[in-house]
Each structure stands twice: as structure tokens, then as C-alpha cells.
Amino acid sequence: MGVREDGKQATRQRVLAAARDLFEEIGFEEATIRMIAQRAGVSVGSVFTTFAGKTEILSHVMADRLEGMYAELDRVVPHLRGHTVDRLRSIMAVHYSIEMRRQRLFVAYISASFSWTADHSVIPLGQNVRFKGMLADALLEGLARGEVREGVNVDTFVEVLLAAYIWNYRLISREGADVTQLIDLMDRQIGVLFEGVATH
Amino acid sequence: MKHSPIRAVAAAPQPMTRRALAKQLTRAKLLEAAREMFAERGYEAATVRDIAAAANLSTGAVFASFSDKADLFNEVIVAEYEFMHASMVAATDEAAPARETLLNLLSLAYEAYLTDIRLVQAALSFCWLHDLLSEPRHIAAVDLVRGHIASVLQRGVDSGELSPTLDVKLTSEMLWEAYLSNFRRVIFEGRGREALRTRIASQLDVLISQRKAAA
């Protein structure tokens, strides 16, 4: 990497870190490119040479968070023990614990995920392959252990689970719910879903 | 789902003074113009000035009926949910099995919005950022629709079609959330009505498959 590339990369990182913090502190809608540039210590012009706009910055902030998040999850998930239903609950609980550290940012991401169009190079919410894969693996392992019955539609199970997972964040604004309340609700929802796939 | 001012007036409580009626008409005209503008341009690009102009009213008339653009948009969404609920009630055959009824109602609800996908995008995106998910009228309107879904599920439980241990409220919420989330398939993958019907059918089956376990 040349000096110029290094500089570009450093600018990119500074802008993304500044944006992430501002979106969390004052909200996605209130944060302006000018404020982001100021916080990052770069010019407004250099923000625009790297990103087309605020929405693109948000999508990169969210894409960049995945690395740290999955490093954390990869340390936990292989050590999950117990019944399939508890493993599913643990995976979801870890996601809530991580995302709730920056809950306002995550809610902005949910919001943007509905307004983004197909031409953005973003991973749409709920289409995260690793998240889906983790849940599918837990179900398939349950199948192998005889806790999940044959013929279960794994993809659909995961879809319904993820839809509930995302909409549960609405309780933050509705009832000021904290991470424990979200996890409790998810635990009940997994209970309902699992009833349909469990061997009896 | 197109709104006519007539319907909004008809839905208002009776009797009405002439002045209240005029106010109601203004409100209905604005809601209709706003719906069209939001559906065409999305939330940000639709201005209060343009909405007022489209309704042949002054900008001041907008603020006499609604506190701001966000409030106006919220009322557009509330009206959509109320109309969706009324359409669902009208399309519900009390004698039909619960699964079939739910599948038909949700397919109907997809069909009605496939031509208005920008409005759906704006509504689902917007509600997260303006605390609309905690706004009482918004909650009440969503609960109307979700409540109808729950009533169909309950009928299925009562008739023995669905498991007696089914958590009706939680299941109705999850089904509704799956319905909403599937709009991303329209947005990102350009899926049509058949694909959506297949999708929601399979999600519905996962949610009510307890009946098989109980059988």
C-alpha cells in the first residue's frame, strides 16, 4: 500500500468511527456530513471522495462491525452446550447483547434497511449469511441429536426467527426495554417456534 | 388501497355540525393528497407545501389539522392500517379453516401494496426513526390488524384445527413481523405476489405446525 493509499484508508477509518459514534449519540437523522467530518478531523470534501453520502456511510459502519462481532461470537458459539432450544436462545442473546451496546445505531440500521434499494452494496438486514448459518447449524445439530424432527424447513424457521429478532427492537422505543427484556421475549418466541419442530 | 374522502367522512362519528364536517373533509383531502405524494416521492422528498397544493389548500390548512409532516405521515399510515383491517374483516370467511383464511388475508395484504412499494418502504423505514412505534395511534392501528390475525388463530384453536397450547398473541405478532419483513424481498429481489404467497405460507406453517405435534 502506497502512502496515498494509507492516507485514504486512515481517512476512511476515522470517518466511519466518527459517524458510528455520532449516529449513536445524536441519531442518524440529526447527524450531518459536516458534523461527521468535523469529528473525524477531515474536510467535508474528503468525506465525499470516499462515500456518496450518509446512508452509504451507515452501511459501511454496519459492515465493519461484523468482524468484531463474529470474532466475539466465534469464541462463544463452539462452546454452547445443552438442548438445541437453549443453544438457539444463547446465539440470539449474544446478538442482542452486542447490538444493544449501540442500540440507536442499530435502530437506524433497521430503518435504513427498508429504504435501501437493490443497487446499494449492502448486506440487507436479515440476510447476514453467518448469522443465518449459525442458527441453521444449531438446528441441524439438533436434528442429528434427535431433538429436532425430520423434515423441518430450516430456512423458513430461521427467517421467522430473524423477523421476530429484528422487530423486537421496537420495544426499545415503545417501552424503553433493556437488553434483558428483549432476550426474555426472544426466549418465549423461540419456545413457540421450537414447539413446532421438536421431537415429542 | 386507495382512499376516498367519502370513506373517511363515513367513518367519522355522527352526528356532525357543518363546521366539523368541513374540518373532516379538509383532513380527508389532505390525507389523500399526502398519501399520493408520499407513495410517489418517499417521505423526505414530499414537502408539506406540495401536499397542500395538491389538495388545493394552503400550507396553513395542513398545520391546522396536523402538527407537522411526521404527524401527517403517521396519520397516513394509521389510515392504511385501518383500511387494511377493514379489508381483512370483509374478506374473512368465518366458516373457512384458520390456515386458509390467514394465507388469503396476508396474500391480499401483499397484493394491495405491491403497486405502492415506495409507500411501504417509507412507512417501514420512517417508523423506526420517529418513535412512531411508541405513538399510541400508530400502536392502536397496528393492533387492529394484528388483533384480527389473532382472532383467526383463536378460532382455529377453538375449532380444534390448531394446537390448544398455541400462544395466540405471540404467534400473531410473529406472523405479522414475518409479513412485514418479507417486503424486503420485494425491495431487494423484486419478488412478486406468487413468491410472497409461497413465502408467507411456509412461514405460517412453521408458526402453527404445533398442530402436527399435538395431533
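Q: In this predicted model, what distance separates the centres of domain 1 and domain 2 of chain A?
A: The domain assignment of chain A gives domain 1 as residues 1–51 and domain 2 as residues 58–195. Taken over C-alpha atoms, the centres of these two domains of chain A are separated by 29 Å.

Q: How many residues of domain 2 of chain A are in contact with domain 1 of chain A?
A: The side of domain 1 of chain A that touches domain 2 of chain A divides into 4 nonpolar, 1 polar and 2 charged residues. These 7 residues of domain 1 of chain A meet, on the side of domain 2 of chain A, residues numbering 8.

Q: Which helix of chain B gives the largest share of the side of domain 1 of chain B that touches domain 2 of chain B?
A: Chain B is divided into domain 1 (1–66) and domain 2 (68–214), and their C-alpha centres lie 26 Å apart. Contact between them involves 12 residues of domain 1 of chain B and 18 residues of domain 2 of chain B. On the domain 1 side, the largest share, 5 residues, comes from helix H2 (residues 18–41) of chain B.

Q: How many nonpolar residues does the side of domain 1 of chain B that touches domain 2 of chain B have?
A: In chain B, 12 residues of domain 1 are in contact with domain 2. By class, that side of domain 1 of chain B has 2 polar residues, 1 charged residue and, as nonpolar residues, 9.

Q: Which helix of chain B gives the most to the side of chain B that touches chain A?
A: Between the chains, 25 residues of chain B are in contact with 33 residues of chain A. Helices H7 (117–129), H9 (168–181), H10 (183–189), H11 (193–208) and H12 (210–214) of chain B each supply at least two residues of this side. The side divides into 12 nonpolar, 9 polar and 4 charged residues. With 6 residues, the helix that gives the most is H9(B).

Q: Why does the radius of gyration of chain B agree with that of a compact globule?
A: The C-alpha atoms of chain B fill a box of roughly 60 × 45 × 30 Å along the principal axes. Because a compact globule with 215 residues would have a radius of gyration near 17 Å, the value for chain B agrees, at 19 Å.

Q: How many helices are there in chain B?
A: Read along the sequence, chain B follows the pattern α-α-α-α-α-α-α-α-α-α-α-α. Chain B has 0 strands, and its helices number 12.

Q: Is His60(A) buried or partly exposed?
A: His60(A) is found in helix H4 (residues 54–76) of chain A. A residue counts as buried if 20 or more other C-beta atoms lie within 10 Å of its own. Since His60(A) has 19 within that distance, His60(A) is partly exposed.

Q: Over which residues of chain B does pLDDT stay under 50?
A: The mean pLDDT of chain B is 89, and 91% of its residues reach 70 or more. Where pLDDT is low, the predicted coordinates should not be read in detail. In chain B, pLDDT stays under 50 over residues 1–9.

Methods:
Residues are numbered from 1 along each chain as its sequence is written. Chains are lettered from A and ligands numbered from 1 in the order in which they are written. This is a predicted model: local features need pLDDT of at least 70, side-chain atom pairs count only at pLDDT 80 or more; totals for chains, interfaces and linings use all residues. Two residues are in contact if their C-beta atoms, placed from the backbone, lie within 7 Å. Helices (H or I, at least four residues) and strands (E, at least two) are DSSP runs, numbered from the N terminus. Ala, Val, Leu, Ile, Met, Phe, Trp, Tyr, Cys and Pro count as nonpolar, Asp, Glu, Lys and Arg as charged, and the others, Gly among them, as polar. A residue is buried if 20 or more other C-beta atoms lie within 10 Å of its own, exposed if 12 or fewer, and partly exposed in between; C-beta atoms are placed from the backbone. The radius of gyration is taken over C-alpha atoms; the globule rule is 2.2 Å times the number of residues to the power 0.38. pLDDT is the predictor's confidence in each residue, from 0 to 100. Domain bounds come from an automatic or database domain assignment.
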